[in-house]
Amino acid sequence: MMWSFFSRDSAKDFPYEIGEQVQGFEHHSIWSLHRAKRKNSNEEVSVFVYEISKNASEAKLELAKASVKRLKTLRHPSILQFLDSLETDKMLYVATESVEPLGNHINQLSSEGPQKDLYLAWGVFQITRALSFLNNDGNLRHNNVCIWSVFVNASGEWKLGSLEYVSAVDGNPMPPVKIPPALEIYDPPEKNEPSKLKASTKCSVDMWGLGCLVWESFNGPLKVRSNLKDIDVIPKSLQSLYCELVGALPSNRPNPADIITRCRKPGGFFRNDLVDSLLFLEEIQIKDKAEKNRFFSGLANHLDNFPDNVCKHKILPQLITAYEYGDAGSAVLAPMFKLGKLLEEADYQKRIVPCVVKLFSSTDRVTRSRLLQQIELFIPHILPQTVNDQIFPQVAHGFLDTNATIREQTVKSIIHLAPKLNYNNLNVEVLRHFARLQARDDQGGIRTNTTVCLGKIAPHLHPQVRQRVLVSAFIRAMRDPFPPARVAGVLALAATQQYFLLSEIANRVLPALCSLTVDPEKSVRDPAFKTVKGFLGKLEKVSEDPSLRETMEADVHTATPSIGNAAATWAGWAVTAVTAKFYRSQSDSSRPRPPMTGRNLSKPASLEQPSSSSLSTTTSSVTSMTSLEHESNETSASASDYGQNDWDNENWGEMDVSGTSQDPSSPLAAGTSNNGQMKAPSALGEVKDGWDNEEWGSLEEDPVGEDQEEEEDEQQLIVGDTMKSNELSTNIGSLLNNCNNLSPIRDEQQLQEHHINNTTNANWNSDSWADGEFEPIEEPLTGNPKLDEARRKREEKKLQRQRELEARRSQKGPMKLGARKL
């Protein structure tokens, strides 16, 4: 029993499982390098092995033992990290962090392009820093600096190793004899010229080695010492320093501390984005909050130029730590999510997802805003169950946020969330919020983007819900007083045309589109005409060949429709427009906006500022539209919520909203008087679940005839006659000014504006295209001489006014969006 104890193999107690050997290193060291793993955790490490039995030389064994001793006692971020060691009768083992020799690693850098110079600067800086520590702080010489004494870990950091020949600076200045002989190529010239040894300094030998390392970093391993004269590949910012390092006179070689100072100055070799960023992260604990915010805000722009291994293993862990345990704030999110894509899926689930879930529960608006802006970077990696149970409930709060920027970003985020949402969250909750935003939000940009988003998520909706919702929602958008919202409705109809039944196209879509062919804005008319032609062509094809109906309606009831089918049809232009980008509102632009700090954020200015794009068409925001001042007073007063069972009857929300709208193009702007009181006949109704059964509004419907202006006058006469029968007044002017069914029309200028408003914003009922549903225009108009005379005078003035307008328009060109009609 006792003999068994003393005779057992002590190597079994070494807690590392030694793997394959790293080839090439054994020719430049007394050690052989092996890949290995920690037995209890499978953590990757490196093990240096010295075989005592094969090397009978006592001098080699002493060098190996000296190397282990130095490695144990010298601790520095740029010196190889010691983990464990074991000495037996046959072997000597030294375990370190997982590394590979720079001589092998340097060959992988040749194809990295612009990243190479940044990375080499960081590597040379680290070795210079290690030598400064040895020479100046430790009063030691390394005596073996070259490409084979430097090792690279998983983070891309260069570590100084091979400490076999370390000696004190006050000892013999003669460089030691090296084993194996291949290392003698790195000996300084004074080794062969003893007369120059008197001029040696404590760092001159290592500075010669550093010069060799610089040359090898850009040219590969040194074969012949005379090659050191070739400096063409070395950067110009480093050439003068390099010449000093490999100078023949030892006293002229600089101190490593001076090298760092010189090269860190502006324009120096060590002054670049990668070195600056990594040094900041090393010192982040002593930086104040303002410095951290500035650093993290600009970091994302530089990450593309950094090596992947440095980003993944060096920068990303420090970003996560800085957010979880420091005061880095939400500025760290953008670079953190950008680097998250470098992780394996398992690592992402372990390191990033818990952080994301925690962040979404934050009540800080700045954090929420940054999360929504970066959502496309991390949502693809999150499991659907996590999205539905933990993330979407938090995101949904943004639909009701009082800050317009948060509401807008929440709408846009649904594009990325939709593929992973379950039936209830997508087809009920999201659509309920979309209906409210499209109908009631006071920001035209948000109403526009809600329509765009609905068009984008249409393929993910349930077929029955999609068929019931899309047409009603897009037709509502086409009646919005904000021109980009009308454009979005038209484009969305065209982009989702494969989801509509042909009968629905003929009875609902085309009539609604035709009304926009006389829209006052050309940016609305152009896509309307194009879409009308497309839908008519589709109907015409089916008329010529009825067998095509099944093909045309193939995607209507399909749960996973073919996206390519839409893009290949006439509506491909609209698909591109809708999927290209959202309407750019003020929150997306580069113009200054109030800072969002904490929860008490001030509401930003109206999103409807001039913009360079609205979908694929160029539009301008409407800050003042006269026609809105005369919108109908009797818009529906319902404030009901939106349930899943009442999407028909075109009840995609209601055009009113409680409170006073700040946006002149919002539906509320037309329904409020000068003192801010609502003109609607009743206050907003009680909030209920589900859609209410009221119609879109109580505006008198304009029949579509050949002479719309004449019918408009006839409607006004009907109103006048009705008011007369109610004995309100006999004066036609007071009748029109006190009318509750139509906007007051005091002069011909208001008559034109009222006509535009009715054309653009009329609240159509879903059955308004059926026969007999129009308001009667018949005999009561005759037999009243006062009304006939008033009608005749108005017609004369109208014709005269139209001639004047045509003359002015021909002189000034097309009316610009947002201009007030004269």
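Buried means under 20% relative accessible area, exposed means over 50%, and partly exposed covers what lies in between, with a 1.4 Å probe and protein chains only. Helices (H or I, at least four residues) and strands (E, at least two) are DSSP runs, numbered from the N terminus. The structure is a predicted model, in which local features need pLDDT of at least 70 and side-chain atom pairs count only at pLDDT 80 or more, while totals for chains, interfaces and linings use all residues. Residues are numbered from 1 along each chain as its sequence is written, and side-chain values use heavy atoms, with hydrogens and water left out.

**First stop: the sheet**

Begin by selecting strand 5, residues 91-97. Now widen the selection to the open sheet of 5 strands, whose order is 1-2-3-5-4 and whose pairing is antiparallel; two strands count as paired if DSSP finds at least two bridges between them. At the edges stand strand 1 (16-21) and strand 4 (82-87), each with a single partner strand, so one side of each is left without a neighbour in the sheet. From one strand to the next the twist averages 30°, where axes are lines fitted to C-alpha atoms (for helices over the stretch in contact) and angles run from 0 to 180 degrees between N-to-C directions.

Next, select strand 4 together with strand 5, which run antiparallel and are joined by 5 bridges. These two strands form a hairpin with 3 residues between them. Two facing positions can be picked out here: D84 stands opposite A95 in strand 5, and L86 stands opposite Y93 in strand 5.

Then turn to strand 3, residues 44-51, where 6 of the 8 residues are buried, so strand 3 too is largely enclosed by the rest of the structure. Strand 3 pairs with strand 5 in the antiparallel sense over 7 bridges. Along this pairing V45 stands opposite E97 in strand 5, and S46 stands opposite T96 in strand 5.

With strand 2 (residues 32-38), strand 3 pairs in the antiparallel sense over 6 bridges, and here K37 stands opposite E44 in strand 3. Which residue takes a positive phi in the hairpin of strand 2 and strand 3? That residue is N42, in a hairpin with 5 residues between the strands. Its phi is near 60°, a positive value in a residue other than glycine, and at 54% relative accessibility N42 counts as exposed.

**Second stop: a cavity**

Cavities are the next thing to look for, and the structure holds 8 of them of 30 Å³ or more. On a 1 Å grid over the protein atoms alone, a cavity is a set of points where a 1.4 Å probe fits but cannot get out, and lining residues have an atom within 4 Å of a point. Grid points are joined across faces, edges and corners, and a volume is the space filled by probe spheres set on the points.

The second largest cavity holds about 120 Å³ of space. To find this cavity, select F48, S67, L71, S162 and E164, the closest to its centre of the 14 residues that line it. Helix 2 (residues 58-73) gives the most to this lining, with 3 residues. By class the lining has 9 nonpolar, 4 polar and 1 charged residues, where Ala, Val, Leu, Ile, Met, Phe, Trp, Tyr, Cys and Pro count as nonpolar, Asp, Glu, Lys and Arg as charged, and the others, Gly among them, as polar.

Stay with S162, which is found in the loop between strand 9 (158-160) and strand 10. S162 has a positive phi of about 50° although it is not a glycine, and at 11% relative accessibility S162 counts as buried.

**Third stop: single residues**

Select I179 and P180, where the peptide bond from I179 to P180 is cis, with omega near 0°. P180 is found in the loop between strand 10 (167-168) and helix 5 (204-219).

How many disulfides does the structure have? With a disulfide taken as a pair of cysteine sulfur atoms within 2.5 Å, the count comes to 0. The nearest cysteine sulfur to C146 is that of C212, 8.3 Å away. C146 counts as buried at 0% relative accessibility, whereas C514 is partly exposed, with a relative accessible area of 41%.

End at G326, in the loop between helix 10 (308-325) and helix 11 (333-340). G326 is partly exposed, with a relative accessible area of 37%, and G326 and I284 are 42 residues apart in sequence and 9.3 Å apart in space, C-alpha to C-alpha.

Definitions and conventions: 1 Å grid on protein atoms, 1.4 Å probe; cavity = no way out; pocket = protein on both sides within 12 Å on 5 of 7 lines; lining within 4 Å.
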